[in-house]
Amino acid sequence: MPSLNGRVAIVTGSASGIGQAVVRTLADRGASVVVADINGPGAERVAAGIVADGGAARAWTVDVAQPDQIRAMVDGALSDFGRVDILHNNAMAGSPLDLDVVNLDLGAWDLAMSVNLRGYLLGCRAVLPHMLERGSGVIVNTSSNSGLSGDLTRTAYGVSKAGVNALTMYVATQYGRRGIRCNAVSPGLVMTPAMEAAEALSAQDREIYQLSHLTPRFAYPADIAGYVAFLVSDEAEMINGQILCIDGGMLAHTPSYAQFLVAYGDRGDA
Ligand SMILES: NC(=O)c1ccc[n+]([C@@H]2O[C@H](COP(=O)([O-])OP(=O)(O)OC[C@H]3O[C@@H](n4cnc5c(N)ncnc54)[C@H](O)[C@@H]3O)[C@@H](O)[C@H]2O)c1
């Protein structure tokens, strides 16, 4: 696996789930990491675990929707580690009131836009001047397949992720020639501990997702983390401005695929 020795990475939303797996993987590959999250105690726990395993990490409590807090986070990383090579915008806030277009609560819309989209813009704005000065830097944004296709609910979330996809291309386009790479990872369903909880996903939900999955297992945070570690490495130098689905093929087939599977079974041998 490509080494990240000497690199400094900030990962937002890394007190849990995908972000936690990313920050641990980057640290395992030699990067010094800032575990940034609105959940301060959670970030402290993750950073302490990395340090206990011999890695370099510090926790930072941040609300990514707040420009001053994002700037302070980047300044803190610069003062602790001297540079920032990698930013992974990954934090996400959702609301049970994020419904279909007619019924969604406007507060849920504003929350999604301020954390999931504006927060990513603020992250980019805070690190880019430093990265541009040095002539290099890598940004990864966590998007979602919900930003690439429609759904019956979670409208604000999906629209915020579509915005993340556009932001990714704009950052790559505006700064790529000055040494900046910016890509988005677009997971389908990822079995984080929260997602594994019975109340998050019923047995029926799992079955429905399973039908659309081409890879015959669900993704886990480590699957996303391994990919992010590759994307931020020098081996991915030619990947810029891309939205990369890591979804077991969920978006790779015609929408009727799952219904055909139910109606006719797996016709792989036909
Ligand atoms: N799990 C999935 O199935 C899945 C699928 C597609 C995309 N994603 C995306 O992956 C990313 C991580 O999701 P996850 O499933 O690990 O969720 P998660 O809830 O485990 O992690 C999100 C983290 O963001 C933090 N956070 C929330 N608001 C914040 C704020 N204002 N400032 C800073 N931190 C904040 C939370 O405290 C939490 O630690 C998100 O961007 C999400 O949209 C997840």
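Let me start with the shell around the ligand: by class, the shell has 13 nonpolar, 10 polar and 3 charged residues. Keep in mind that this is a predicted model.

Altogether, 26 residues surround the ligand. The closest are Ile-18, Asp-37, Tyr-157, Lys-161 and Val-190.

Asp-37 has a polar side-chain atom 2.6 Å from an oxygen atom of the ligand. For Lys-161, an N or O atom in the side chain is 2.8 Å from a ligand oxygen atom. Asn-90 takes part through its backbone: a polar backbone atom there is 2.9 Å from an oxygen atom of the ligand.

How much of the ligand does the protein cover? On its own, the ligand has 830 Å² of accessible area, and the protein covers 88% of that.

Next, which elements give two or more residues to the shell around the ligand? They are α1, residues 17-28, α4, residues 106-134, and α5, residues 155-175.

In general, two packed helices are described by the distance between their axes and the angle between them. Here the partner is helix α2, residues 40-52. The axes of α1 and α2 come within 11 Å and cross at roughly 25°. Angles under 35 degrees count as roughly parallel, so α1 is roughly parallel to α2. As for handedness, the crossing in which α1 passes α2 is right-handed.

Key:
Residues numbered from 1 in each chain as written. Predicted model: local features only at pLDDT ≥ 70, side-chain atom pairs only at ≥ 80, totals over all residues. Heavy atoms only, no water. Near = heavy atom within 4 Å. Polar contact = N/O pair within 3.5 Å; in protein donor to acceptor, adjacent residues only side chain to side chain. Areas by Shrake-Rupley, 256 points an atom, 1.4 Å probe, with all protein chains shown as cover. Helix = DSSP H or I, 4+ residues; strand = E, 2+ residues; numbered from the N terminus. Nonpolar A, V, L, I, M, F, W, Y, C, P; charged D, E, K, R; others polar. Axes fitted to C-alpha atoms, helices over the stretch in contact; angles between N-to-C directions. Parallel < 35°, antiparallel > 145°, perpendicular 65-115°, else oblique. Left-handed = near helix turned anticlockwise from the far one by under 90°.
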